[in-house]
Amino acid sequence: MRVTRAVVVMLIAIIVAIGDAHAAASGQSIHFDQANKVFRLDAAKVTYAFGVDDKGRLQSLYWGPRLDASDRLPPAVTPPKADGIDGDINRVRQEYSGWGGGLYYEPGVKITFPDGNRDLELHYQSYSIKGDTLYVALKDIERAIVVTLEYEMDAGTGIVRRSATISNQTATPVVIEQANAATWFLPRSRDYTLRFLSGRWAGENDINERPVQPGKTVLESRRGTTGMQNEPWFAVRRNDADETHGQVWFGALAWSGSWQIAIEQDQVEQVRISGGFNPFDFGYKLAPGASLSTPSFYAGVATDGLGEASRLMHRLELTKILPQAPAPRVRPVLYNSWEATGFKVDEPGQIALAEKAASIGVERFVMDDGWFGARNSDKAGLGDWVVNQQKFPHGLKPLIDRVHALGMDFGLWVEPEMVNPDSDLYRAHPDWVLYMNGRPRTEGRNQLVLNLARADVRAYVYNALDKLLSENDIAFLKWDYNRSWSEPGWPAVAPDEQKNVYVDFIRNYYGILQELRKKHPNVEIESCSSGGGRIDLGVMHLTDEVWTSDNTDAFDRLRIQDGFTQAWTPAVMMAWVTDSPTWVNSRTLSLEYRFLSSMQGSLGIGADLNKWQPQDFATARRLVAEYKAIRKTVQQGSLYRLVSPQNGSEQSATESVSPDRAHAVLFAFLHSSTENYPYPTVHLQGLDANAKYRIHAIAGTFDPRTPLVASGAYWMHAGIDLLMRGDFQAAAVVFDKE
């Protein structure tokens with residue numbers, strides 16, 4: 001009998017699967033090579049491997065494109081001795097390290113014991129596999145501190161989820177001063193560039209790049225929440241990689257509190273990427289028998305550039321992270337009344353806006369700030385979640401009933417974690433906020449932050465929202481969060497427990513969301529924080545969409561949305577059509593341009609409809625109908641960033657392709673034409689090369705010589721010529737498989 005290489009590989013795979021291997025039905029495989037003490041995870045196009053060395057330390061061995069089933073990774077070994085300055089331990093690629101034994105780099109965990117000892121060395125103890133998750137237990141060489149690492153590899157994308165649970169099995173409390181979820185190692189090289197996102201209010205998602213060089217780059221938030229200054233996401237590319245080609249390692253933290261990601265290159269050109277709780281002002285007191293779990297840190301590998309890295313992350317979010325995963329509902333077209341009314345909301349005014357919104361095809365009507373307590377400005381009322389009887393003498397029911405009669409569901413703005421000093425809640429419970437004894441209480445936007453770590457505050461917030469949802473037919477909450485922390489004290493607990501607030505606050509925030517979703521399963525929630533101040537995989541797991549930016553200038557949003565989609569799926573990217581000129585830049589843009597900019601994500605309308613002319617309603621009605629026909633492709637398809645709006649580009653273009661490649665939508669924008677140059681030919685990506693696609697324009701025009709039906713190969717290689725001249729022009733074209 002002739003034995004082919006394929007048969008040999010199959011036989012090896014069968015042998016490997018016996019006893020020590022776990023092949024999940026999902027397509028993920030986990031294998032432990034007992035002879036070499038090597039763990040290997042495989043899924044999609046990726047292999048991740050680590051092993052136990054001769055001293056019992058867990059070492060990273062490989063993370064990259066998928067290896068053949070017959071490839072056996074060598075065992076982990078202690079590196080050759082180097083010098084007495086750095087010590088051998090700093091050359092070990094430890095999967096998860098304690099701070100001890102002369103370690104100089106970012107540790108996985110740092111602990112102070114009651115006797116003053118701060119040395120911690122973690123060695124391999126055992127492993128187990130439950131479902132699709134690998135658990136590896138490490139223990140200190142002398143004390144009963146056990147760290148259990150979790151590994152789970154997504155079958156569809158090859159993205160690895162890692163986290164750590166630190167258990168105090170000693171007889172005394174300890175203080176955890178640093179706790180990372182994971183450390184990732186890249187192949188040793190000088191050939192790397194770091195990409196990350198930074199920003200500020202009304203200017204989120206700036207794309208930054210810098211060479212990975214000796215030393216450390218720290219991305220972080222110290223604000224108590226995710227923040228806009230950095231987003232908890234990174235991408236490291238080979239220097240020859242770009243949007244469509246080359247190798248990229250990328251990842252994101254699932255945590256909505258203070259966080260840190262550190263990208264560190266040592267003196268032998270080893271690159272480590274670690275992330276978890278921000279160690280600044282951190283000190284979690286862990287009682288005997290208690291444990292602390294870190295956030296999850298997700299990371300993956302792409303071989304076809306930054307575009308593929310984004311698409312892999314989007315696919316993970318759609319199929320594993322979002323509340324309705326793996327089949328999230330499409331986002332409805334919504335109207336929000338904020339820009340039309342501000343705080344001056346009342347029943348007749350909101351009904352009038354609802355009637356206008358329904359006439360253009362809106363599916364969800366959202367009343368924003370001003371409906372509760374003594375809320376006539378941002379100076380009073382926060383925390384008093386009762387309907388303002390002067391504005392709504394019969395409660396919210398008449399408004400909600402009218403909204404339903406118009407064929408829309410009803411949503412409401414809330415900001416549950418905040419309180420105005422001028423409120424009944426604060427007057428009754430001034431100790432419920434974050435503060436430090438004897439120190440000023442710094443206000444932001446005339447408000448303070450409730451200490452959600454307290455059990456009584458958590459109960460108050462949950463009960464207020466539960467009552468609101470139980471007594472009213474509300475389908476949607478726009479959950480806002482309009483300031484960062486200051487004076488993060490918790491005087492009600494012992495001094496050495498006060499820093500637990502950084503973890504317990506966020507855990508309680510997640511707990512409230514989980515309980516509300518369980519009791520009110522049809523209610524959807526948006527995460528908003530003065531714009532994009534709370535966007536991460538942790539909050540994304542419990543909310544249905546996120547507010548991208550308070551900056552709704554349609555031209556500015558091209559850049560903001562380009563940065564957003566580096567990490568986050570367009571399915572959750574709220575994008576409003578608002579009035580022109582905007583407050584941001586006093587720039588005048590056509591209604592069609594504003595719609596096309598917003599139609600690249602989850603479409604909302606926030607303009608003052610009372611000021612619209614009949615032609616505005618006609619344009620909006622047409623484009624809302626067009627959006628409904630393409631939104632599943634836009635929100636849940638594969639995104640290709642064809643032309644970047646970054647660095648002052650005059651053009652930008654995106655393309656969304658449905659998962660079955662039957663539909664595609666092209667959006668293209670021109671800032672200003674110059675010297676009679678035509679708009680560059682746009683070459684599509686991701687189509688079925690052998691299929692025929694028929695095109696039609698939603699807006700704008702294309703060269704009249706363009707065939708209306710052509711192959712996917714034609715559209716990808718010959719491309720399409722759009723006719724755009726002037727300032728702030730836009731076009732959108734749909735491609736449907738014949």
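Throughout these legends, Ala, Val, Leu, Ile, Met, Phe, Trp, Tyr, Cys and Pro count as nonpolar, Asp, Glu, Lys and Arg as charged, and the others, Gly among them, as polar. The structure is a predicted model, in which local features need pLDDT of at least 70 and side-chain atom pairs count only at pLDDT 80 or more, while totals for chains, interfaces and linings use all residues. Residues are numbered from 1 along each chain as its sequence is written, and side-chain values use heavy atoms, with hydrogens and water left out.

View 1. A cavity is a set of points, on a 1 Å grid over the protein atoms alone, where a 1.4 Å probe fits but cannot get out, and its lining residues have an atom within 4 Å of a point. The largest cavity holds about 140 Å³ of space, a volume being the space filled by probe spheres set on the points, which are joined across faces, edges and corners. Of the 14 residues that line this cavity, L558, Q561, D562, Q600 and T654 are the closest to its centre. By class, the lining has seven nonpolar, five polar and two charged residues, and its largest share, four residues, comes from α10.

**View 2. Helix α10 beside helix α11.** Helices (H or I, at least four residues) are DSSP runs, as are strands (E, at least two), and both are numbered from the N terminus. The axes of α10 (residues 554-567) and α11 (residues 591-598) come within 9 Å and cross at roughly 15°; axes are lines fitted to C-alpha atoms, for helices over the stretch in contact, and angles run from 0 to 180 degrees between N-to-C directions. The two helices are therefore roughly parallel, a term for angles under 35 degrees. In α10, A554, F555, R557, L558 and Q561 meet Y593, R594 and S597 of α11, where contact means heavy atoms within 4.5 Å.

**View 3. Helix α11 beside helix α12.** Here α11 and α12 (residues 614-636) pack at an angle of about 25°, with their axes 10 Å apart, and they are therefore roughly parallel to each other. From α11, L591, E592 and F595 meet D616, T619, A620, R622, L623 and V624 in α12. This contact has five nonpolar, one polar and three charged residues.

**View 4. The largest pocket.** A pocket is an open set of grid points with protein on both sides within 12 Å along at least five of seven lines. About 450 Å³ of space lies in the largest pocket, and of the 26 residues that line it, R161, A254, S296, Y298 and H541 lie nearest its centre. Strand β10 gives the most to this lining, with four residues.

Conventions
Angles under 35 degrees count as roughly parallel, over 145 as roughly antiparallel, 65 to 115 as roughly perpendicular and the rest as oblique.
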